[in-house]
Every structure is written in structure tokens, then in C-alpha cells.
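Student: I would like to learn how the features of a protein model are read. Please take me through them one at a time.

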Amino acid sequence: MSRMGLRRCPLALWLALGLDGVGLACLLAGLFGDLRRGGRDYGDMLVYTGAIAVLASLLGWVLWYAGNIELGPAELGLDYRPSPPPLERLVRKISRRISLRLARAPTRHDTPTDQD
């Protein structure tokens with residue numbers, strides 16, 4: 001098996017990194033910036049927003065980590081058996097019905113003939 005590294009689940013990775021970056025920027029701006037406008041302090045809002053963004057990035061990290069878990073067929077064991085696709089199930093069902101009808105149908109040798 002070849003190692004794919006960061007190429008697996010790139011969307012989850014970019015989501016986690018983006019939310020971490022935005023969250024960290026908001027946290028730092030809220031903590032160290034002078035954000036008073038019109039007599040109101042917006043620093044607390046940025047601190048809370050940054051904390052929520054960093055917390056939300058955990059979802060991206062969990063998705064990325066779970067998407068990078070590799071399990072071989074031996075590790076899956078007998079617990080996991082993929083079901084056949086719906087079209088394959090339909091074809092098998094139709095094939096079985098046709099086979100049963102043909103097995104029950106009388107053949108040429110089973111019918112009495114009027115050759116006396």
C-alpha cells in the first residue's frame with residue numbers, strides 16, 4: 001500500500017486549517033487589538049468568535065483523521081461484507097425467477113405424445 005499523506009481527504013484538511021487560521025487571527029486581534037469604535041469595545045466579540053472557530057475546526061480535524069485510517073481486508077474481518085450494488089441484486093433476482101420457472105416448466109420429453 002502506498003502512503004498518500006496529505007492527499008487523502010483534502011477538503012476536511014483545508015476546512016480544519018482555515019478555521020484554525022481564522023480562529024487564531026480573531027483571538028489575537030480580540031486580545032491585543034484596540035477595537036473601540038463609537039464607545040463600544042469589539043474585542044470580546046472577536047475573542048468569542050475566534051474560540052468558536054477553533055472549536056469548529058475540531059470537526060474538520062476529526063473528519064480528516066477518520067478519513068486517513070487505513071484498514072485492509074484482513075483487519076476488517078468477517079464483520080464487514082459489502083452488499084452488492086442494487087443493479088446486481090436486481091439482475092440476480094430476475095435470473096433466479098427465470099431459472100425457477102424454467103425448472104418447473106414441462107419439457108418436451110415430459111408431455112405425452114399422440115403418435116400411436
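Student: What share of the 116 residues of the chain counts as buried?

Tutor: Buried means under 20% relative accessible area, exposed over 50%, and partly exposed in between, with a 1.4 Å probe and protein chains only as cover. In this chain of 116 residues, 12% count as buried. The model is predicted, so local features need pLDDT of at least 70 and side-chain atom pairs count only at pLDDT 80 or more, while totals for chains, interfaces and linings use all residues. Residues are numbered from 1 along each chain as its sequence is written, and side-chain values use heavy atoms, with hydrogens and water left out.

Student: How many helices and strands are there in the chain?

Tutor: Helices (H or I, at least four residues) and strands (E, at least two) are DSSP runs, numbered from the N terminus. The chain has four helices and two strands, in the order α-β-β-α-α-α from the N terminus on.

Student: Is Ala16 buried or exposed?

Tutor: Ala16 belongs to helix α1, which spans residues 10-32. Ala16 is buried, because its relative accessible area is 0%. From Ala16 to Val54 the C-alpha distance is 8.5 Å, although 38 residues separate the two in sequence.

Student: Which residue forms a salt bridge with Arg92?

Tutor: Side chains of opposite charge can pair when their charged atoms come close. A salt bridge is a side-chain nitrogen of Lys or Arg within 4 Å of a carboxyl oxygen of Asp or Glu. The count by this rule is one. Arg92 is bridged to Glu88, and their closest N and O atoms are 2.9 Å apart. These two residues are four apart in helix α4, so about one helical turn separates them. Arg92 is partly exposed at 43%, as is Glu88 at 33%.

Student: Which residues form the nonpolar patch on the surface?

Tutor: Patches are made of residues with over 30% relative accessible area and no salt bridge: like charges are joined within 9 Å, nonpolar side chains (Val, Leu, Ile, Met, Phe, Trp, Tyr) within 5 Å. Leu87, Leu90, Val91, Ile94, Ile98 and Leu102 make up the nonpolar patch, with about 610 Å² of accessible area together (Shrake-Rupley method). Leu102, in helix α4 (residues 86-104), is exposed at 63%.

Student: Which residues gather in the patch of positive charge?

Tutor: Lys and Arg count as positive and Asp and Glu as negative; His and the chain ends are not counted. The place of a charge is taken as NZ of Lys, CZ of Arg, CG of Asp or CD of Glu. The positive surface patch consists of Lys93, Arg97, Arg101 and Arg104. Lys93 is in helix α4 and is partly exposed, with a relative accessibility of 45%.

Definitions and conventions. Areas by Shrake-Rupley, 256 points an atom, 1.4 Å probe, with all protein chains shown as cover.
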